[in-house]
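This report describes selected elements of one protein model. Please consult the sequence and the coordinates alongside the text.

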Amino acid sequence: MSEVSVAVHADADLLAQTVAARLVVRLLDAQAARGQAAMVLTGGRIAAAVYRAVAALPARDAVDWSRVDVWWGDERFLPVGDPERNETQARAALLDAVPLDPARVHPMPPSDAGADPEEAAARYAAELAAAARPGTALLPHFDVLLLGVGEDGHVASVFPEHPVHYESRPVSAVRGSPKPPPVRTTLTLPAINTAEEVWLVASGADKAHAVGMALAGAGPVQLPAAGVQGTSRTLWLLDRSAAADVPARLRSLR
């Protein structure tokens, strides 16, 4: 059963720095155990702060970045290089600063790649399947999967009561997103929940209600964050503002 833990940090800056340090250690541990590592990235302000903090860490050079696979949990269906794409954000904050193997960086297809959103989702599912271990499921091993938490409790681009919540395929197109842009691609909850560790990172008072409800056992259809769990560990990484509605018994203050 997945271990669930909550770590609360004083403010957003300390949260970003701590998540960055944890991420470097997690990648190193994965490489020590498996010879390689795979991480799934998210977007948003706190995610960008985490990536910048990783880039600034001297310890980042201990990671063999040529043996790291980079995937994304969701993406805005926009042209390559668009500043609103999660890929663009991650490249500017971290990926362009470390010696990754380009063949091991796996962005979701952009809108100018000659595919509609459904075909883009199918292409990404095929890329995931191609990286899976022979004889296993249709997904590669994810050592750590990062998620932000929306004010409404959405994760990746799985929104409350949206049809994508019921999708069983690993990757889905999203149309009619309640948050712009309206067209996206996303890993589904079944795919997210194959990750060894899932980290939900949230900062700010506007996230407090959703975080508190998810940890109190809300239904996953109404609050997708409540339906997320890693196969070995589910870690909520919060600043004090985002943790305001979390019961004191669940908090580990830092």
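Which residue in strand 9 is the bridge partner of Leu-200? The partner is Trp-236.

## Basis of the report

The model is predicted: local features require pLDDT of at least 70, side-chain atom pairs count only at pLDDT 80 or more, and totals for chains, interfaces and linings use all residues. Residues are numbered from 1 along each chain as its sequence is written, and side-chain values use heavy atoms, with hydrogens and water left out.

Strand 9 spans residues 233-239; helices (H or I, at least four residues) and strands (E, at least two) are DSSP runs numbered from the N terminus. Six of the seven residues of strand 9 are buried, that is, under 20% relative accessible area with a 1.4 Å probe and protein chains only.

Strand 9 pairs in the parallel sense with strand 1 (residues 3-9) over seven bridges, where pairing requires at least two DSSP bridges between the strands.

Together with helix 6 (residues 208-215), strands 8 and 9 form a right-handed β-α-β unit: with the strands pointing away from the viewer, the path from the first strand over the helix to the second runs clockwise.

## The setting of His-162

His-162 lies in the loop between strand 5 (144-148) and strand 6 (171-174). This residue counts as buried because its relative accessibility is 12%.

Beyond neighbours within four places in sequence, His-162 contacts Val-174, Arg-175 and Gly-176 (heavy atoms within 4.5 Å). A polar atom of the His-162 side chain lies 2.9 Å from the backbone oxygen of Arg-175.

Technical notes:
Buried means under 20% relative accessible area, exposed over 50%, partly exposed in between (1.4 Å probe, protein chains only). A polar contact is a pair of N or O atoms within 3.5 Å; within protein, one must be able to donate a hydrogen and the other to accept it, and residues adjacent in sequence count only if both atoms are side-chain atoms.
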